Amino acid sequence: QLRAQNQVLKKGVVDEQANSASLKEQLKMKDQSLRKLQQEMDSLTFRNQQLAKRVELLQDELALSETRGKKSKKSGESSSQLSQEQKSVFNEDLQKKIEENERLHILFFEADEQHKRLEAELRSRLDVLETDAAQHQAVVDSLTRKYTDTIEKLQNDKTKLEIKSQTLEREAKDCRLRTEECQQQLKNLQAALGSRLEESLCIISEKVPFNDTRSNQYNALNVPVHNRRYQLKLRDLAGQAVAFVQDLVTALLNFHTYTEQKVQIFPVDSATDTISPLNQKFSQYLHENASYVRPLEEGMLHLFESITEDTVTVLETAVKLKSFAKHLSSYLCFLRKILPYQLKSLEEECESSLCTATLRDRNMELHRDMKKLTAVFEKLHVYISLLALPSTKPEGLLRTNYSFVFTNIATSLHGFHVVLEDISKHYSQKATLEQEVPTATQKLITTNDCILSSIVALTNAVGKIASFFSNNLDHFTASLSYGPKGGTEFINPLSAECMLQYKKKAAAYMKSLKKPYSDSVPYEEALANRRVLLSSTESREGLAQQVQQSLEKIAKLEQEKEHWMLEAQLAKIKLEKENQKMKHSLSGHLAESVQERSVLPNAAEQKEETIEKSQREAVKNTGLAPDNESREDLIKNHYMARIAELTSHLQLADSKSVHFHAECRALAKRLALAEKSKESLTEELKVASQNTSRLQDELMTTKRSYEDQLSMMSDHLCSMNETLTKQREEIDTLKMTSKVNCQVLMTL
């Protein structure tokens, strides 16, 4: 279609260009004719100027001739005839020239006007043609841009389609491989499942005596699937219901208390006068409202506490719902007990002299509202007691009627809310009318305000309860009725209680099975430790050899120790002998020195010096001290130091040798491991080179196949284009034939 439109637009542009060229030629011809006319006009104006000058000369000559004629009338009678003839000739000639000039002026004006009109028409037509040409050129440019964009887009689409076809082919190959793998896996799984089915059937036939899911009585004892999310949601809803019931209880307590105060005040104030026995009895009953209202909150709290995360909460297991229904029935009995007194009290107010007609109407409206309120509570009690039946008497309420009961509770709550709104509206009107009574006190006004506030709170609480119940109605109907797997319901409350006991036992057993696992070593750390063990100097074999060598060294050291002990004993014996010899020699020398001291003290001093010198020389020669202990210590320390030095040198040499031996063993192991890794890496390198060559071959083959497929795709696209053109031609022929057929039908 775009090509056809392009050809049509090109033809239109060519035609317009031809028209514009012809119009330009016509404009040139008109310009030439206009120039000729201008030249003629110039010549005519020049001729006209000449004639005008000639006329002026003739007029001058005529004036001169007239002046001359006046002077010589007499002499010029003969010549006057000639001048008149000449004048008439000149006048005729002048008249002709004037007419000719006038005709030329008219022709020139008409030609000028026609030229201007033609020029304006041609210029307007030229502008129109130029604008059309510009528009056509803009259309042509836009179409060329559009065609180039479409061509580029089609080329991009073609490349994308080629890439997509390649990816699809790859995916098709992958899918084929996956299907083959899946089929193989399916066959394996079918075989495995068949064998397992046979085994399980054999086990069931041998080990299972009976199937408890076939019997509803036995199936009711099975523990259903635990839904923790459902239990948490139900506990949350129960918590919200507890809050709403608490608000309801406080509002009811305030309403009954303030109603009791109102009865004591109006129509007769008990402080100034005695009220009627009816109102006394009514106030006495109202004073007991807490004993009937408070248990509602307690029953709801007990129900909330019974819903925990570990239990299975359904209507069959909700035993605490029965106690809440009992508390509600006791409160309903209280309402039934106070209803006649309340109605009679309103009638008594209507009969009093202070009651006006409008106030009487409001009292009667409240009279009807109180009846409706009691009726709504009766409905709620009936439906809640029905919900409590599955936990006590399951035959009293079928499972199919659960949703019906829940929907009726929702409608009853909405009706309860509507009744309370009516009570609030009527009581507010009643309070405003009672304020207008002349005997109305401030105590009455405040009491009415308190009653109105309690009624408003009661209305809000009931509205919240109604909206809460209607919003969660689907959850209640869907979740409060599930039972064991494969069964339809719990048979009786006893089976539900047994099921809960079994559930607790199963949970305790599962907890006992849960034992904390010992901390395992991470995989990477274990690999590192393995490498350390393989290449460490503290391996088992090395340590065993070191232990054996150390034991041998210890045995050698023990032998050397015994040897040196014997040497030390011998040295001690020699030392004792030398000490005895020294003692004898020293005693002889001392006796001689004493005798000499008594005779010659000076000589004794000299002898002592000589004795000391001799002792020093003896010490130097023998290497022994004068004292026995000092000599033994010196010898002992000398030998011990020498032994310690030798043992340290020996231990150092042994440790170095052991260390060098262990390092050599570790290096040998590392060398062996390196050779093994080298061999594995060479094998992997060979495999990788083979894989690369194989992949290159596959790449070449795939490239060739893709080129062949691309050529096939291009041929296919060309064939598709040809088929599309053929189809378009066929469609055109069909259109023509349909038009002809329509014309034929029209003619028929």
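**Entry 1: overall**

I noted at the outset that this is a predicted model. I looked up the secondary structure and found 16 helices and zero strands. I then checked burial. Of the 748 residues in the protein, 23% are buried. Among contacts with a separation of 6 or more, 84% join residues 24 or more positions apart.

**Entry 2: α4 against α6**

I turned to helix pairs. Two packed helices are described by the angle between their axes and the distance between the axes. How do α4 and α6 run relative to each other? Helix α4 covers residues 228-265, and α6 covers 290-306. I found their axes crossing at roughly 175° and coming within 9 Å. Angles over 145 degrees count as roughly antiparallel, so α4 is roughly antiparallel to α6.

I listed the residues that make this contact. From α4 they include R235, A238, V242, V245, V249, L253 and H256. From α6 they include A290, V293, R294, L296, E297 and F304. By class, I read 13 nonpolar, three polar and three charged residues in the contact of α4 with α6.

I took α9 next, against two partners. Helix α8 spans residues 357-387. The axes of α8 and α9 come within 9 Å and cross at roughly 160°. The pair is therefore roughly antiparallel. I noted the crossing of α8 and α9 as left-handed. Their contact holds 19 nonpolar, seven polar and eight charged residues.

Then I looked at α9 with α10. Helix α9 is residues 402-435, and α10 is residues 442-471. I found an approach of the axes within 9 Å and a crossing at roughly 160°. That makes α9 and α10 roughly antiparallel. The crossing of α9 and α10 is left-handed. I counted the contact of α9 with α10 by class: 20 nonpolar, nine polar and three charged residues.

**Entry 3: L296**

I went back to α6 for one of its residues. L296 is found in helix α6, and L296 is among the residues of the contact with α4. Is L296 buried or exposed? Its relative accessibility is 4%, so L296 counts as buried. Leaving aside neighbours within four places in sequence, I found L296 in contact with V245, V249, F324, H327, L328 and Y331. I also checked a C-alpha distance. L296 and S330 are 34 residues apart along the chain, with their C-alpha atoms separated by 9.4 Å.

**Entry 4: N289**

I picked N289 next. N289 is found in the loop between α5 (277-286) and α6. I read its relative accessible area as 5%, so N289 is buried. Not counting residues up to four places away in sequence, N289 touches L253, H256, T257 and F334. I noted that L253 and H256 are also among the α4 residues in the contact with α6.

**Entry 5: Q17**

I finished with Q17, found in helix α1 (residues 2-71). At 46% relative accessibility, Q17 is partly exposed. Q17 and D132 are 115 residues apart along the chain. I found their C-alpha atoms separated by 10.0 Å.

How values were computed
Residues numbered from 1 in each chain as written. Predicted model: local features only at pLDDT ≥ 70, side-chain atom pairs only at ≥ 80, totals over all residues. Heavy atoms only, no water. Helix = DSSP H or I, 4+ residues; strand = E, 2+ residues; numbered from the N terminus. Buried < 20%, exposed > 50% of the residue type's maximum accessible area, 1.4 Å probe, protein only. Contact = heavy atoms within 4.5 Å. Axes fitted to C-alpha atoms, helices over the stretch in contact; angles between N-to-C directions. Parallel < 35°, antiparallel > 145°, perpendicular 65-115°, else oblique. Left-handed = near helix turned anticlockwise from the far one by under 90°. Nonpolar A, V, L, I, M, F, W, Y, C, P; charged D, E, K, R; others polar.
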